[in-house]
Structure formats: C-alpha cells, structure tokens
Amino acid sequence: MPSINKYFAQYFNLSDFLISQEDAEKDIRDGVSFRGTNIIILILAIFIASLGLNTNSTAVIIGAMLISPLMGPIIGIGLGVGVHDYELIKRAMRNLVMAAGFSVLTSTLYFLISPVSEGHSELLARTSPTIYDVLIGFFGGGAGIIAIGSKSKGNVIPGVAIATALMPPLCTAGYGIATMQATYFFGAFYLFLINSIFIALATFIGVKLMHYKPVVFANPERARKVRRIVYTVAILTLLPSLYLTYTMLRQSRFTMDAERFVSQEFNFPATQVLSSRAITDHGRRTINVTLIGRILPADSLNLAMSAQLKHYGLDDVKLNIIQGDMPDLSQLNSGESPTSMRDIYELAQTSIASKQVTIDSLKSVIALGRINDSIAGRIAPEVKVLFPQVEDIAVTRAIFGNIATTSLDTVNVALVKYSSPLPGAKQKEFEGYLKARLRLQSISLINIGDKITLKNQANGEKSNTK
C-alpha cells in the first residue's frame with residue numbers, strides 16, 4: 001500500500017513544476033493595479049462585451065473576457081488572505097470595487113444610448129446564477145492560481161477568464177440599470193460576486209496547498225479573524241445559489257414530466273398537440289396544451305387527462321386544455337399575443353375553404369341531376385306540337401364502359417316511345433331539335449318500345465326487393 005500511494009503521489013507532486021513564491025507574488029501584485037493602461041483596457045473591454053450582449057454574439061463576448069484585466073484584483077485578494085498580507089487585501093479590494101464600478105457605469109452609459117434595448121439569451125443567461133456558477137468560479141480560480149505559480153502556464157489563464165465570465169455579468173448589471181429592470185441588475189451582480197468570491201477562495205486554498213509563507217510580522221489573531229470573515233462571506237454567498245439551483249432543477253424536472261405526460265397521454269386519431277407549455281408562476285404550476293383537429297368533449301377530456309397527472313408526479317398541477325375556438329385565458333390575462341390561437345384560426349379557415357369547394361362541386365352535380373330529371377317535362381309541350389308521333393320521352397346521361405379497353409365514355413341518351421314510327425328524315429330532324437334545344441353536342445335516340453311493359457318490369461323488381 002505505501003508503494004502504491006507513493007506511485008500515485010508522484011503524479012501530484014508540484015515541487016518541480018512551480019516557480020518561486022517571490023516570482024508568483026510579483027505577477028499577482030502587478031495584476032492588482034488598476035491605473036493607466038489597465039483601466040483604459042477595462043473600459044474598452046466593457047464596450048466590447050456590451051456590444052456582444054447587445055447583438056447576442058458569443059464570439060464577441062469571449063473576446064471581451066480575454067481582454068478584461070478583472071482577474072488580477074480577485075486573485076490578489078486570495079493571495080493576500082493566504083499570506084496574511086492585509087495591505088494587499090485592502091488594495092486589491094479597493095481596485096476591484098473601482099473596476100466593477102467603472103464597468104457597470106460604462107455599460108449603463110452604453111445601453112442608455114444604444115438603439116437596441118431588447119434582452120437576448122446571452123443577457124438572460126447572466127441573471128439566474130446557480131450552484132454550477134459557484135463550482136465554475138471555484139474550479140476556475142483553482143486552475144488560475146496553479147497556472148500563475150507554474151513554470152509552464154500554457155493557455156490556462158485565458159481559459160479561466162472565459163470560463164468564469166467576470167465581464168458579462170457587469171455588463172448585464174449596467175443593462176438592468178439603463179432599462180430600470182432590477183431583476184437584471186441584482187441577478188447579474190450576484191453572479192459577479194459569486195465568481196469573484198469563489199475565485200478568491202480557490203486562490204487562498206491554492207496558496208496554502210503550495211505552502212506559500214506568510215509575511216513577516218503577521219498577527220496570528222488577525223489572520224484567524226480574516227479567515228473567518230472569508231469563510232463566512234463564502235458561505236453566505238453560496239446559500240442563495242443553492243436555493244436558485246433547487247428552483248432551477250425543480251422547474252427542469254417539472255418540464256420533463258410535463259413533456260412526458262403530454263407525449264404519452266395526448267394521442268388521438270384525429271386530434272394532435274399543436275403546442276404545450278409547463279409554467280410556474282408564484283408557486284402555481286400549470287400545463288397548457290393546445291390541440292388541433294377534431295374537437296373532443298371538453299369536460300370528459302379534462303376529467304380523463306387530469307386523472308392521469310398523478311402517475312407522472314404532477315398531482316398539484318393545473319391542466320389547461322385549449323382546442324378549437326376556446327380562448328387561452330392565461331395568454332389573455334397576461335397580455336401576450338395568442339399566436340397558437342391565430343394559427344388555429346388560419347388553419348380552420350383553410351379547412352373551411354377547402355370544404356366549401358367540395359360543397360359547391362356537389363351542389364353543381366345535384367343541380368345538373370335535377371335539370372336532367374326535369375328536361376322531359378319542360379320540352380314536352382314543344383315536342384307534342386312539332387313531333388306528334390312521340391308519346392313519351394326521357395333524357396339522361398349514360399356512362400358506357402368498353403369491355404376490351406375498360407375505357408369510359410359519357411353519352412347523352414333520349415329514351416323515346418313513339419305512337420307510330422317516324423320516317424328517317426323526321427327522326428334526323430327530331431335528333432337535331434333535341435341537340436339544339438338542350439344545347440348538346442350529340443345525343444342518341446333509343447326506341448324503348450312499350451312503356452307499359454317497362455313499368456310492369458319496374459314494379460316487379462320493387463316487389464321482389466320487398
């Protein structure tokens with residue numbers, strides 16, 4: 001076992017990879033200063049970060065974080081606590097306050113004159129810090145102090161500047177002041193405090209692990225007091241982030257349960273889910289589901305779906321199902337634009353227009369059938385005068401199917417019963433009259449023979465059917 005411990009310990013032995021404490025302290029102390037070029041670079045970096053947040057550009061924000069010299073005073077505070085250099089602590093804190101003040105002031109002025117005042121995702125992401133931000137700040141600060149004390153620094157410091165994201169929260173805080181939105185200001189400034197405090201705490205722990213010697217003439221009692229203050233501030237800063245993390249995880253779990261509930265329960269043949277939202281408002285949880293398609297019985301649907309909520313851990317959730325022309329009350333009360341209802345209306349209008357075309361077509365077919373049914377009655381008086389040999393006439397359209405080719409052909413047919421045979425010329429004249437009178441391209445005359453026989457056959461078929 002000792003040999004195994006020794007084998008693994010060599011991988012974590014830092015003695016051969018660290019520069020001297022004097023050299024590391026010199027780099028940190030030089031970075032604490034905020035005069036001359038440092039303050040100008042900071043202001044320019046703030047403008048760049050504000051532009052990145054304004055345009056929602058991640059690349060621009062990353063560039064601003066690389067330019068910003070904000071890490072210097074924070075690491076200086078951690079070093080001062082670790083080596084009991086209280087003058088360094090005071091100087092670093094003073095410079096950090098000045099840097100934060102200049103940053104917020106600059107971003108406020110920018111957003112006051114900026115023509116774009118809408119909050120984008122990169123801005124919104126800086127207003128809800130969680131325990132993950134605490135861990136990022138802590139591990140980033142640990143990597144930073146080890147890199148500063150290492151002979152081979154590599155790309156650690158720029159990476160830490162990007163990961164811990166000190167600049168964007170200050171820009172977002174300025175945006176909150178410029179637009180008078182307290183949520184933006186307090187949320188973003190709290191994120192900046194989290195990053196600063198836990199970078200400093202990680203620096204303090206790193207200094208202790210690298211066995212940096214405290215300054216001479218240090219007061220042990222004062223050192224203990226400062227350490228207690230540091231730990232207390234760290235814990236007090238940590239507590240709100242734990243609550244925010246719990247809230248975030250609870251909302252995330254609620255959203256996942258709601259999506260699972262909707263996807264598994266709202267499966268209907270002729271009705272589909274248009275949209276669904278899981279909302280938490282002042283502790284009240286609601287699931288809004290918008291349906292499109294065939295209208296389902298509202299009371300039965302609500303009763304059946306609400307009974308299934310308990311199987312998904314959603315016992316205290318209110319279910320709001322919107323379908324057809326039912327208004328979304330939550331949207332109307334909040335003043336939001338009911339986009340989904342507008343979509344439903346447009347789809348319904350399209351469906352109605354399509355059905356109207358079908359209805360008009362069917363009406364035309366019915367009207368044509370009625371005309372054909374009444375043709376014989378309308379032309380009977382004229383036929384009686386012009387062609388007295390005609391006793392009965394029926395005009396219809398027949399569809400003939402060719403047996404060999406299976407092709408179909410529509411033919412206009414006149415079924416005629418004569419009292420006496422018509423001469424050929426007179427029959428041609430009668431055919432011409434029917435085409436002109438009925439406005440047909442062609443018509444076929446068929447002698448139906450004895451009308452009484454046909455009636456008897458029809459009556460016989462009816463009696464057999466009964």
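**Close-up views of a predicted model**

The protein averages a pLDDT of 78, and 81% of its residues score at least 70; pLDDT is the predictor's confidence in each residue, from 0 to 100. This is a predicted model, in which local features need pLDDT of at least 70 and side-chain atom pairs count only at pLDDT 80 or more, while totals for chains, interfaces and linings use all residues. Residues are numbered from 1 along each chain as its sequence is written, and side-chain values use heavy atoms, with hydrogens and water left out.

**View 1. Helices H2 and H5 pack at an angle of about 135 degrees.** Helix H2 covers residues 21-32 and helix H5 residues 71-83, and their axes are 8 Å apart. Helices (H or I, at least four residues) and strands (E, at least two) are DSSP runs, numbered from the N terminus. Axes are lines fitted to C-alpha atoms, for helices over the stretch in contact, and angles run from 0 to 180 degrees between N-to-C directions. On the H2 side the contact is made by Gln21, Glu25, Ile28, Gly31 and Val32, and on the H5 side by Gly72, Pro73, Ile75, Gly76, Leu79 and Val83. Contact means heavy atoms within 4.5 Å.

**View 2. An open sheet of three strands has the order S1-S2-S3, with mixed pairing.** Two strands pair if DSSP finds at least two bridges between them. S1 (271-281) and S3 (318-323) stand at the edges, each with a single partner strand, so one side of each is left without a neighbour in the sheet. S2 (residues 284-293) and S3 pair in the parallel sense over six bridges. Isoleucine 287 stands opposite leucine 319 in S3. Helix H12 (residues 220-265) packs on the sheet and touches S1, S2 and S3; its direction makes about 160 degrees with that of S1. Helix H13 (residues 298-308) also packs on the sheet, touching S2 and S3.

**View 3. S4 and S5 form a hairpin with six residues between them.** Strand S4 (residues 390-401) and strand S5 (residues 408-418) run antiparallel and are joined by eleven bridges. Valine 395 has alanine 414 in S5 as its bridge partner. In the turn, threonine 406 has a positive phi of about 60 degrees. S5 is also joined by four bridges to strand S6 (residues 444-447), and these two run parallel. Here the bridge partner of valine 416 is asparagine 447 in S6.

**View 4. Over residues 451-455 the pLDDT stays under 50.** For these residues the model has three contacts beyond four places in sequence. The pLDDT is also below 50 over residues 461-466, a stretch with zero contacts in the model beyond near neighbours in sequence.
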